[in-house]
Amino acid sequence: MTDNIVEFKNVSVDFTQDKKQIKAVSDVSFGIPEGQIFGIAGYSGAGKSTLVRTVNLLQKPTSGEVDVFGKSVYKNTDGKVEIIVEKQLRTERRKIGMIFQHYNLLSQKTVQQNVEFALKHAGLKEKDVAAKAKSLLKDVGLSDYTKHFPAQLSGGQQQRVAIARALANDPKILISDEATSALDPENTNQILDLLKDLNQKRGLTVILITHEMDAIKRICDQVAIMDAGKVVDLGGLIDVFVKSTNPVTRKIVGGDFDAFSILKSLNIDTKNRHLVKLIYFSQEISKPIIIELYSKFQISASIVYADIEKFRDEAVGIMIVDLNGEETQRKQAIEYLQNLDIEVSELRGEA
């Protein structure tokens, strides 16, 4: 069983705005396993960043507990939440790196000097600081840019410098707060792949805060979906993106696996048809399913819709088909598909 490196226990965060009490985070409880890339997704204003900032002391919760590295970060005394022994937490806090949408680089310093700045309190000799900065820049693919200034770099390159700087104190956790939202698709994918590489090579736990569902699908192990300060869904990518029937989740993640949304968009009526939704995984994708249904059961299966999505390293397909044939044969065909570990849902009613 994987240990949780972060644990939220009934965490709430309230703000007062225009004399009104706003609940930015409401009674949130879940754990983030060590060594995973964990996504926290939702629309702007869902409470994602506010929640995660309680991890590195940038935001104090109104109530609840936050455990980091197996230790409580806050204590609740007479209904008032306080930081536990802040001086002792400073060392632990250095083990949490953070990158943002805006790179926050020092414009008058070179790329290498920007990384060296983060090592100012590391207790290293000057030559060791320079060596470590160069090593970190090599890790993020910027060995040839050490003497460049931020203005000479692309947005993706500047974000790589920010990542190198965030890694300066050898963190155990890296928080990415909408770090790719200002980048074009190519640079976004490159940064996401870099985070995945750092996770695998360093055992780095990455907390990915984003409203971009494609980012979650590309690199995350698990995801929490937030809406209006609450966690409305939580689990592995397949559980949340493919299997969840939660209406809020479906709205946020999209309708790629929601058969009735697909049929509605295609203006297809389900009346007097024998429509089924098939969900199949990597090992079944290459099988000639439709041909086999006819050869084994004399079922003619007309494909209404088909698509394949990739979730991290696993491909998942969806197919909506109209099964034409005798009822007994249709039942046999459905049982056959289920025995192939294909998830089958009969679509009844109006789309």
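Biologist: How much space lies in the second largest cavity?

Modeller: About 30 Å³. This is a predicted model, where local features need pLDDT of at least 70, side-chain atom pairs count only at pLDDT 80 or more, and totals for chains, interfaces and linings use all residues. Residues are numbered from 1 along each chain as its sequence is written, and side-chain values use heavy atoms, without hydrogens and water.

Biologist: What makes a space a cavity?

Modeller: On a 1 Å grid over the protein atoms alone, a 1.4 Å probe fits at a set of points but cannot get out. The volume is the space filled by probe spheres set on the points, joined across faces, edges and corners. The whole structure has 2 cavities of 30 Å³ or more.

Biologist: Which residues line the second largest cavity?

Modeller: Lys-217, Phe-241, Arg-250, Val-253, Gly-254, Asp-256, Phe-257 and Phe-311. Lining means an atom within 4 Å of a point. By class there are 4 nonpolar, 1 polar and 3 charged residues. Gly counts as polar; Asp, Lys and Arg count as charged; Val and Phe count as nonpolar.

Biologist: Which domains supply the lining?

Modeller: Domain 1 (4-250) and domain 2 (255-346) each give at least three residues. Those bounds come from an automatic or database domain assignment.

Biologist: With which residues is Phe-241 in contact, beyond its neighbours within four places in sequence?

Modeller: Met-213, Ile-216, Lys-217, Val-223, Arg-250, Val-253, Phe-257 and Phe-311. Contact means heavy atoms within 4.5 Å.

Key. 1 Å grid on protein atoms, 1.4 Å probe; cavity = no way out; pocket = protein on both sides within 12 Å on 5 of 7 lines; lining within 4 Å.
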